[in-house]
Amino acid sequence: MGSLPVPPVDPHPPPAKRVGVPPQGSYYHGVYPGQKNLEEYQVTPAALDAYEEAAGRKVAWVYFSNDWFASRAFPSATAEWIRARNAVPFIRLMLRSSSETNVAEPLYNLAAILRGDFDTDLKAWGQAAKAFGTPVLVEWGTEANGQWFSWNGRWNGGPALGPQRFRNAYRHIVQTIESVGADNLTWVWHVDAYDDPEDDWNRLENYYPGHDVVDWIGISVYGAQEPTENNTQSFADGMDAVMPRLTQLAPNKPVVVAEFGVTSGNPRVDAVQWAEAALTGLLANRWPQVRGFSWWNEAFDQTEMRIQKIPGMKEVFQRKLAAPQVLDHPL
């Protein structure tokens, strides 16, 4: 009798160390607790307190950046205080030399990542993440289809090579970090609702690195981000544009709205109405693949997105987030 076939190894088994996925119609509630004109890695318990007090609800995850221009190390101290708040760290792994946008990356570019220039750092990151021991959400390549970030194809070989290099770099980062046994990580592939530039080569689908290295899909859907911006797109406009594409691309992957927000002070958009419509659509299960959302609670220059600073906004959040399908603890 011949030997039995060996079943394929699931590269991402679902041990208890990973974040559970809520059932359809239930949603994790998270936040990026920013402040005024600070870097994205500089989140604090006080900033989270300000958001949670205004929202009237705890969060299931805290979203923040691990900017390598500040440190290449796993952000243990930040992750520790987030865990102490009974929330999951959701880490934007940002291999970049500065927070400047719309520029090529001189050090952490895709070619250098693929050469293995940072493998030692990535393995050390994975070892520290493993030692952390409890679930962590992590993404690399945030908003890959947006040319504002240096890992977009525009800056890495252009239409012919850029998206392929991104896919390969994403796979390389995941596999290198997981090679040291970091099995408590849930990997999020994160795109913007709109391709920029709107060219065929830059379609978000071209950046998808494969089902085996993606656990969840994240999306960004913003309204006007500056008071002078001529952007009247609603949250539903962005979701209705992107969700059919994601459903076709990866129908079995849970989707989270990793970032959404709108500024106050723009005469073309009422921020409170924009946010209320967004939360209403989410909680009505208008997009059934969605399992969570997090507001970008930050201010910079003339932009103000913090719900505790916008008149009428905290009342909307308190009313909407009181719904029983909103989860303020990880499963």
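Here is a short tour, with something to select at each stop.

**Before you click**

This is a predicted model, where local features need pLDDT of at least 70, side-chain atom pairs count only at pLDDT 80 or more, and totals for chains, interfaces and linings use all residues. Residues are numbered from 1 along each chain as its sequence is written, and side-chain values use heavy atoms, with hydrogens and water left out.

**Stop 1: colour by confidence**

Colour by pLDDT, the predictor's confidence in each residue, from 0 to 100. The protein averages 95, and 95% of the residues score at least 70. Now select residues 1-10: pLDDT stays under 50 there.

**Stop 2: Glu-40**

Select Glu-40, in the loop between β1 (27-36) and α1 (45-55). Helices (H or I, at least four residues) and strands (E, at least two) are DSSP runs, numbered from the N terminus. Is Glu-40 buried or exposed? Glu-40 is buried, because its relative accessible area is 16%; buried means under 20%, exposed over 50%, and partly exposed in between (1.4 Å probe, protein chains only).

Show the side chains of Ser-65 and Arg-96 next. The Glu-40 side chain makes a polar contact of 2.9 Å with that of Ser-65 and another of 3.1 Å with that of Arg-96. A polar contact is a pair of N or O atoms within 3.5 Å; within protein, one must be able to donate a hydrogen and the other to accept it, and residues adjacent in sequence count only if both atoms are side-chain atoms.

**Stop 3: Leu-137**

Jump to Leu-137 in strand β4 (residues 136-140). Leu-137 counts as buried because its relative accessibility is 1%. Beyond four places in sequence, its contacts include Val-19, Phe-90 and Trp-216. Trp-61 is another of them: 76 residues separate Leu-137 and Trp-61 along the chain, yet their C-alpha atoms are 8.5 Å apart.

**Stop 4: Gln-175**

Select Gln-175 in helix α5 (residues 158-178). Gln-175 is partly exposed, because its relative accessibility is 42%.

Terms used. Contact means heavy atoms within 4.5 Å.
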